[in-house]
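I opened this chain to see how it is put together. These are my notes, in the order I looked things up.

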Amino acid sequence: NVVVLLPDPDGKVGILEVSNKGGTQLLTESGHATEIRAADVSPTAPVSMKEEEVLKLFGAAISAQPVPPVTFLLYFKSGTTELTEESQRQILEVLSAIDARKSKDITIVGHTDSVGKKEANFQLGLERADFIKADLVFKGADPAGIEVTSHGEDNPLIKTEDEVAEPRNRRIEITVR
């Protein structure tokens, strides 16, 4: 068995610990590999594996991985379902991502700042998410693949005291898978 440490889609490289009854080996650099020859024998010392060899051994598994989801943040004017001008322009990017991925798995989560009653903010977050869903559907997205929910003021992007008008918390988060 061979284990290789590869970077995340964004290029970041973590640390991988490979352990068995015989011992442990840490992989800390992209392309480093260790071999496990037996359950009671420590994994081999890390060696650098060339990209061609990684693709030869693991190419089919790598190409079978799903495309990572893409997330969009769209912002609203205070107390409304009206998008800011910049966020209005992002709708086309969202639609492009849906189309490029042939996505049938989209989530829209509505959020608010902490101004007003908690119940009203939950409802406003839901109205914002429903508004965006309706807009996406009007512009060609399949409604069956869109899930809508609200967090209201409960998951702020920027933590504030109660009754603070924070524009970055008045948002929806769209995840396209």
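**Ground rules.** I am reading a predicted model, where local features need pLDDT of at least 70, side-chain atom pairs count only at pLDDT 80 or more, and totals for chains, interfaces and linings use all residues. Residues are numbered from 1 along each chain as its sequence is written, and side-chain values use heavy atoms, with hydrogens and water left out.

**Elements.** I listed three helices and nine strands in the chain. Both are DSSP runs numbered from the N terminus: helices are H or I with at least four residues, strands are E with at least two. Read from the N terminus, the order is β-β-β-β-β-α-β-α-β-α-β-β.

**Overall form.** The radius of gyration is 23 Å, well over the 16 Å that the globule rule gives for 177 residues, so the chain is more spread out than a compact globule. That radius is taken over C-alpha atoms, and the rule is 2.2 Å times the number of residues to the power 0.38. I then checked the box filled by the C-alpha atoms: roughly 65 × 40 × 25 Å along the principal axes.

**Surface and contacts.** I noted an accessible surface of about 10,900 Å², with 53% belonging to carbon and sulfur atoms. The areas come from the Shrake-Rupley method with a 1.4 Å probe; for residues, only the protein chains shown count as cover. Buried residues make up 33% of the 177. Buried means under 20% relative accessible area, exposed over 50%, and partly exposed in between (1.4 Å probe, protein chains only). Next I looked at contacts between residues at least 6 apart in sequence; 58% of them join residues at least 24 apart. Contact means heavy atoms within 4.5 Å.

**H2 against H3.** At what angle do the axes of H2 and H3 cross? I found roughly 65°, with the axes of H2 (residues 85–101) and H3 (residues 118–138) coming within 11 Å. H2 brings Ile91, Val94, Leu95 and Ile98 to the contact, and H3 brings Ile132, Asp135 and Leu136. I sorted these contact residues into six nonpolar, no polar and one charged. For axes I used lines fitted to C-alpha atoms, for helices over the stretch in contact, with angles from 0 to 180 degrees between N-to-C directions.

**Ala141.** This residue sits in the loop between H3 and S8. Ala141 counts as buried, at 8% relative accessibility. Leaving aside neighbours within four places in sequence, I found Ala141 in contact with Ile98, Leu136 and Ile146. Ile106 is 35 residues from Ala141 in sequence, with 9.7 Å between their C-alpha atoms.

**Gly152.** I placed Gly152 in strand S8 (residues 146–152). Is Gly152 buried or exposed? Gly152 is buried, at 2% relative accessibility. Not counting residues up to four places away in sequence, Gly152 touches Gly110, His111, Thr112, Asn121 and Phe122. I also looked up Lys117, 35 residues from Gly152 along the chain; their C-alpha atoms are separated by 9.9 Å.

**Positive phi.** Lys102 is not a glycine, yet its phi is positive, about 50°. I located Lys102 in the loop between H2 and strand S7 (106–111). At 63% relative accessibility, Lys102 is exposed. Glu163, also a residue other than glycine, has a positive phi near 70°. Glu163 lies in the loop between S8 and strand S9 (171–176). Glu163 is partly exposed, at 47% relative accessibility.

How values were computed: Nonpolar A, V, L, I, M, F, W, Y, C, P; charged D, E, K, R; others polar.
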